[in-house]
Amino acid sequence: MKTVFKTAFVAATLFAANAMAANPVVNVETSVGNFKLELYPEKAPKSVENFLKYVEDGSYVGTQFHRVIPGFVAQGGGYDAKFQPRPSTYGEVINESKNGLGNERGTIAMARRQAPDSATRQFYINLQNNSNLDGNSYNYGYTVFGKVIEGFNTVEKMAKVKTVTIPETRMRDVPQQPILIEKILITN
């Protein structure tokens with residue numbers, strides 16, 4: 001009988017330790033469907049911390065996927081439905097693209113400008129393998145910090161939406177019907 005209790009106690013302890021060590025999971029509800037992300041803080045701690053700050057402060061809600069290129073990426077997080085930029089409240093993030101994670105289909109990565117350490121709040125989801133966006137020993141790439149673990153069909157649905165160019169904003173590949181983040185929250 002003691003062995004059964006000991007085994008149950010050890011199993012419960014291991015389960016609790018694994019639950020505490022689990023990667024963050026974020027549920028994203030959009031105007032075209034939902035998907036879940038698993039984030040990898042051990043591989044990209046600064047990028048995950050940054051992304052979660054915007055999730056927690058609620059400022060991703062109401063932003064749109066403003067750049068969707070079939071066979072490439074769906075990018076969002078930086079503009080509201082009227083193309084007003086959302087503030088980069090938490091500053092720029094150190095580039096972590098040499099973390100061993102590749103820009104593979106279904107991964108989420110930080111968007112940035114030309115400078116390696118210029119990512120702020122925008123992110124993208126890879127619609128295919130985009131190894132040309134990876135970092136290597138010679139160049140910085142774009143930091144992958146998680147992966148879609150459920151609902152990738154929603155992201156694929158985004159890629160089927162007709163896109164347009166908006167001359168006044170100089171933006172291309174903009175979904176004609178806005179794809180908005182309606183709700184986003186950490187589920188564990």
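Leaving aside its neighbours within four places in sequence, which residues is V48 in contact with? They are L39, Y40, P41 and F145, where contact means heavy atoms within 4.5 Å. The model is a predicted one, in which local features need pLDDT of at least 70, side-chain atom pairs count only at pLDDT 80 or more, and totals for chains, interfaces and linings use all residues. Residues are numbered from 1 along each chain as its sequence is written, and side-chain values use heavy atoms, with hydrogens and water left out.

**Overall composition**

The protein chain holds 3 helices and 10 strands. Helices (H or I, at least four residues) and strands (E, at least two) are DSSP runs, numbered from the N terminus. Read from that terminus, the order of elements is α-β-β-α-β-β-β-β-β-α-β-β-β. The chain has 188 residues, of which 43% count as buried; buried means under 20% relative accessible area, exposed over 50%, and partly exposed in between (1.4 Å probe, protein chains only). Among contacts between residues at least 6 apart in sequence, 69% join residues at least 24 apart.

Eight strands make an open sheet in the order β3-β4-β6-β5-β7-β2-β1-β10, and the pairing is antiparallel. Two strands pair if DSSP finds at least two bridges between them. At the edges are β3 (63-69) and β10 (181-186), each of which pairs on one side only. From one strand to the next the twist averages 25°; axes are lines fitted to C-alpha atoms, for helices over the stretch in contact, and angles run from 0 to 180 degrees between N-to-C directions.

Within this sheet, β1 (residues 25-30) and β2 (residues 33-39) run antiparallel and are joined by 6 bridges. V25 has E38 of β2 opposite. Helix α2 (residues 45-56) packs on the sheet and touches β1, β2, β5 (107-110), β6 (123-126), β7 (144-150) and β10. The direction of α2 makes about 120° with that of β10.

V48 lies in helix α2 and counts as buried, at 3% relative accessibility. The C-alpha atoms of V48 and G146 are 8.1 Å apart, although 98 residues separate the two along the chain.

**The β8-β9 hairpin**

Strands β8 (residues 163-166) and β9 (residues 171-175) run antiparallel, with 3 bridges between them. They form a hairpin with 4 residues between the strands, and R170 in the turn has a positive phi of about 60°. V164 stands opposite V174 in β9.

**Nonpolar cores**

A nonpolar core is a set of buried Ala, Val, Leu, Ile, Met, Phe, Trp, Tyr and Cys residues joined through side-chain atoms within 4.5 Å. The largest has 30 residues, and those with the most contacts inside it are V26, F35, L37, F51, F65 and F145. Helix α2 gives the most to this core, with 5 residues. Apart from neighbours within four places in sequence, F35 is in contact with residues including V26, V28, F65, I125, V148, V155 and M158. A second, separate core of 8 residues includes V73, A109, A111 and V144.

**Salt bridges**

The count comes to 3 salt bridges, a salt bridge being a side-chain nitrogen of Lys or Arg within 4 Å of a carboxyl oxygen of Asp or Glu.

| Pair | Closest N and O atoms |
|---|---|
| E49 and K53 | 4.0 Å |
| R105 and E156 | 2.3 Å |

E49 and K53 both belong to helix α2, 4 residues apart, about one turn of the helix. E49 is partly exposed at 40% relative accessibility, and K53 is partly exposed at 31%.

In the salt bridge of R105 and E156, R105 lies in the loop between β4 and β5 and E156 in helix α3 (residues 152-158), so parts 51 residues apart in sequence are tied together. R105 is partly exposed, with a relative accessible area of 41%, and E156 is partly exposed at 31% relative accessibility.
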